[in-house]
Amino acid sequence: MIRLLVEGDARPATAGWALVAAGIGAALALGWVLPRWLTFVVTQGLAKGLAVMGVVLLMRAGLVSFGQGLYYAGGAYAVGFAARLVGLREATGHAALGVAAGVLLGALVGVVVARYRSIFFAMLTLAFSMVLYGVLIKAYTVTGGSDGMPIPLPTLLGLPVPADRAGAIVYDVTIGCVALAVYVIARYLASPLGFLMRAIRDNEVRVQYLGGSVRRAIYRTYVLAAGLAALGGVLGAFNVGHIDPDLAYWTTSGEFVFVTLIGGLEGVGAPLGGAVAYELVKSYAFKYAPYAWEMVVGIAMLVIIFLFPEGVWVSLARRRRRTSP
Amino acid sequence: MSTLTIIGVDGVVFAAWLFLISVGLTLIYGVLRILNIAHGSLYALGAYTGATLLLAYFRHDLWPLGSLAVLPLAALLVGVTAGPLIERGLLQRMYGRDEILQLLTTYALFLILEDVMKLVWGTSPYYAYRPYGLLGQVSLGGVVYPGYSFLLVGIAALTGAALWAFVNRSRFGRLVVAVIHDPEISVAMGVNLPRVYVVTFSLGAALAALGGAYTAPMIAIVPGIGVEVIVVAFAVVVVGGLGSLEGAALGALIVGVVRSAAVHLLPTLELFTIYLVMAGVLLLRPYGLLAGERVRRL
């Protein structure tokens, strides 16, 4: 379990499936014990954590996506449109639709951005998400413009979700989705594709000489990252009960990049834990210093860049491992 | 007047604005090899400083047209304060490091500057529109244009020419060109590299602020105006080729004319024109129209 979270190693022998099942069970039960505000923040953190994981997967190949908000908003708006235009109420249907929308969008945008590296990749992804932001603002007859639209409480497997239990149920659904996503990512990291991404970061030209297709690897990872962010968007939409174009704005994508920087590039626990911690800190900081929050984030980023270039979590984990026998 | 001429005039006016906001970005990238995400913040800083100076100027009941000369002062102010502070304090530690870390550094800087501006100028909008009406209106073939638009074209042309002369004709400009081609050999030949870097960055910052200062009378200045600018400026610069001054001019002209054509012929597409142009150019020439192929490391 520890190795799964820290290093993304999903081999059954090391992960211990019983332990994993117990962990998920405990996490599910927590939703009914914790206070409402805390499950809300944790759910929000986990939803964003899914998008962060996508950024992490891309950054392993040395690519920074400043535009994962595009898919986060894409997933959320897929839910909004399905509920508003088609009248779909089923949560599983929403999730499938949202992920499909994200994957489709990623498959289209990926054709263009997979050709580019470093600053070009970063700025093109940013540009695409700003295009969606512009569309969501301008097409107010369909999207509600800058006011966004409400997301009605969904049904779960055909059963209605009672309003007073909604927080815990959305939290449990999120835990389930995250567990599934972690499994998919762990398999991805253990696959040749996952290893190829690390090789691309080290030396792209050499990967090509060895017969690997760099563009295909980046394209597939990009689509996977899009799907993850879209799933996060769906869960975030359920949790908040309201969506607006800010989900596609650069601030949302910037948050994902920031949490990636805190967590570092190894494992799947760091992005999730980092995102939850970030949401917790933010919910307090917004109360006390609403106009200085971004500045705090920026300064924290500079500190990380100069002191812990591999991410705080990984640096601390390394230090602990080195000192303990 | 035919639609074609209207498109042409509108296009040139918009291109002038695009050139002003993006030329500093390409200058900084060309010399420092850092894509400055905080460029938009420097633009916003210029807009706020310009607006503040304008409001102070009009409070004193001076000659109204003089207000137009106050705006370059705002650019100068931003250039000589923020420029050296950012380059010496932050960017100089990033030279030679991973491109992604450089990008993230300027992103962090951008976040910090956004809030600094909120703390200094607050969140309510600033209006400094008086200079906009000072130049009256110009009638061109039956269509009335604000005179300010043509001032913008003049400033952009002047800036472009001055910059070209600076880089190609002055002694310091030639040192800059030498540094662009090979920083290491330049140092061996006695070029003061840190000085070239700090002057270039400050000049780029001043250009961003100049764009912001002359935009100030045309818009309501609110937090967040810098974000769209960095995306648009990047698009313009990429079309022409990152790091090329002529490229920035060419990119601005192409994007400006295509956008004004879209405004008049296909208004629904207006929002996407910049990105469509960028995508189209990049598909044909992945590093822009006037940029050479990049050397890939093995």
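Predicted model: local features only at pLDDT ≥ 70, side-chain atom pairs only at ≥ 80, totals over all residues.
User: How does the radius of gyration of chain B sit against the globule rule?
Analyst: For 298 residues the globule rule gives 19 Å, and the radius of gyration of chain B is close to that, so chain B is as compact as a globular protein of that length. Along the principal axes, its C-alpha atoms fill a box of roughly 60 × 45 × 35 Å. The radius of gyration itself comes to 19 Å.

User: What share of the residues of chain B count as buried?
Analyst: A residue is counted here if 20 or more other C-beta atoms lie within 10 Å of its own. Among the 298 residues of chain B, the share that passes is 48%.

User: Now for the partner chain: which helix of chain B gives the most to the side that touches chain A?
Analyst: In all, 29 residues of chain B are in contact with 30 residues of chain A. On the chain B side, α4 (99-121), α10 (225-240) and α12 (273-284) each supply at least two residues. With 16 residues, the one that gives the most is α4(B).

User: And how many residues on that side of chain B are nonpolar, polar and charged?
Analyst: That side is made up of the chain B residues in contact with chain A, 29 of them. They divide into one polar, six charged and 22 nonpolar.

Definitions and conventions:
Residues numbered from 1 in each chain as written. Chains lettered and ligands numbered in written order. Contact = placed C-beta atoms within 7 Å. Helix = DSSP H or I, 4+ residues; strand = E, 2+ residues; numbered from the N terminus. Nonpolar A, V, L, I, M, F, W, Y, C, P; charged D, E, K, R; others polar. Rg over C-alpha atoms; globule rule 2.2 N^0.38 Å. Buried ≥ 20, exposed ≤ 12 C-beta atoms within 10 Å, placed from the backbone.
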